[in-house]
Amino acid sequence: GARRVVLTSSMAAISDEPVEDKVFTEDDWNEQSSLARNPYYFSKTVAERAAWTFVEDEHPGFDLVAINPYLILGPSLGPELNTTNAIFRDILTGVYPGIMNLSWGFVDVRDAAAAHVLAMENARAKGRYLCAGETLSMRDVVELLQEAGYRDGYTLPRLDLACSIGDFAVKLLSYTQPAGTGSYMRTHLGKVMRYDNTKIRRELGVQFRPARESVVAAVEDLVRWGHLAKAA
C-alpha cells in the first residue's frame, strides 16, 4: 500500500568535484567517480541510479523522490561518531596540520530530516531535491569556532595552508592518505562547490538553519557523547 518512497541519496550523486563557474542543480549527475576515483561518491551515484532504473523498468505502485544532502551535521540520536561531526572534532584537537584550502557545503541533520518528511507528505513532490544550506571554508569554520568560544582547552589549527605553497604541500600529503581520502583532497583542494537549492525551498518549503547554529550544535553533541573533552 505504499504510495511513495523517499530515498536518502547524496550530493555525491550530483557532483564528483567543484567545477569553476558551474552551479549544480538536481539536473546534474556525477559522471566522473569510479572505484579508483572518489569511490564513496561512486557508490552513492550507482545506488541512486539503480533506484530510478527500478522505478522506470518495474513500474511499481509507488513513486520515488530522492533527497540529496551535502555534509550533514548537528546533534545525533546516539553515541556513534559520524563522518561530518568528526571533522569538527579533528579541527578542535589538532589533527589537521593547518588551515587547508578546502570548503564544504553543510545541512543541519534536523533540516535534512524535515526535508524527508515534507517530501513524503507533499503530494506534488517530484524527482530529486538538492538539500544543502551554506558553504563554509575551513577558515570560516575555524573562525566560527573561535567566535563561539572554543579557544581555551582546544587546539585549533593556526598555520595558514590556504595558499599556493600550502596547496602543493597538501597535495603531496594526500598521497599518504587512504585512497578515498587522498582522491577527495586532490579533487576538492582550492575549489568551492556552488549549487542552487531553490527547488527544495520553493516546492517543499525547507528553511535551512544558519551554519553557525549547526556547527555549535555539532560541537556540543561531540562533548555530550564524550568524543570531545569539555573545555576547562
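This talk goes through some helices, a strand residue and a few loop residues of the structure above.

First, the ground rules. This is a predicted model, where local features need pLDDT of at least 70, side-chain atom pairs count only at pLDDT 80 or more, and totals for chains, interfaces and linings use all residues. Residues are numbered from 1 along each chain as its sequence is written, and side-chain values use heavy atoms, with hydrogens and water left out. Helices (H or I, at least four residues) and strands (E, at least two) are DSSP runs, numbered from the N terminus.

I'll start with helix α1, residues 39–58. Its expected span is 1.5 Å times one less than its number of residues. For the 20 residues of α1 that gives 28 Å, and the end C-alpha atoms are 28 Å apart, so the two agree.

Which residues of α1 are buried? By buried I mean under 20% relative accessible area, by exposed over 50%, and by partly exposed anything in between, with a 1.4 Å probe and protein chains only. The buried residues in α1 are Tyr41, Thr45, Glu48, Ala51 and Val55. Looking down the axis of α1, these buried residues fall within an arc of 125 degrees, so they line one face of the helix. The arc is taken from the directions from the helix axis to the C-beta atoms. Asp57 and Glu58, on the other side of α1, are exposed.

The buried residues of α1 pack against β1 (4–8), β2 (63–69), β5 (127–131) and α6 (179–188). Contact here means heavy atoms within 4.5 Å. Just after α1 comes His59, with a positive phi of about 50 degrees.

The loop between β1 and α1 holds two residues to look at. Asp21 is in that loop, and its phi is near 70 degrees, a positive value in a residue other than glycine. Asn38 is in the loop between β1 and α1 as well, with a phi near 45 degrees, again positive in a residue other than glycine. Are they buried or exposed? Asp21 is exposed, at a relative accessible area of 70%, while Asn38 counts as buried, at 2%.

Next, helix α3, residues 109–121. Its 13 residues should span 18 Å at 1.5 Å a residue, and its end C-alpha atoms are 19 Å apart, which agrees. Asp111, Ala112, Ala115, His116 and Ala119 are the buried residues of α3. They cover an arc of only 145 degrees around the axis, which puts them on the same side of α3. Met120 and Glu121 are exposed, on the other side of α3. What the buried residues of α3 pack against is β1, β2, β3 (71–73), β4, β5 and α7 (198–204).

At 2% relative accessibility, Val107 counts as buried. Leaving aside residues up to four places away in sequence, Val107 touches a list that includes Pro69, Leu71, Ala112, Cys131 and Phe208. Val107 and Phe208 are 101 residues apart in sequence, but 7.2 Å apart in space, C-alpha to C-alpha.

Now to helix packing. Two packed helices are described by the angle between their axes and the distance between the axes. Axes are lines fitted to C-alpha atoms, for helices over the stretch in contact, and angles run from 0 to 180 degrees between N-to-C directions.

Helix α2 (residues 83–92) packs with helix α4 (residues 138–147) at an angle of about 70 degrees, with the axes 11 Å apart. α2 and α4 are therefore roughly perpendicular to each other. The scale is: under 35 degrees roughly parallel, over 145 roughly antiparallel, 65 to 115 roughly perpendicular, and the rest oblique. Where they meet, α2 brings Phe88, Ile91 and Leu92, and α4 brings Met138, Val141, Val142 and Leu145.

The buried residues in α4 are Met138, Val141, Val142, Leu144 and Leu145. They cover an arc of only 160 degrees around the axis, which puts them on the same side of α4. Their cover includes α2, β4 (103–108), β6 (135–137) and α8 (211–224). After α4 comes Gly149, with a positive phi near 100 degrees.

α2 also packs with α8, at about 75 degrees and with axes 9 Å apart. That makes α2 roughly perpendicular to α8. Here Asn85, Phe88, Arg89 and Leu92 in α2 meet Val215, Ala218, Val219, Asp221 and Leu222 in α8.

Last, Ala229, in the segment after α8. Ala229 counts as exposed, at 56% relative accessibility. Not counting residues up to four places away in sequence, Ala229 touches Tyr154 and Val223.
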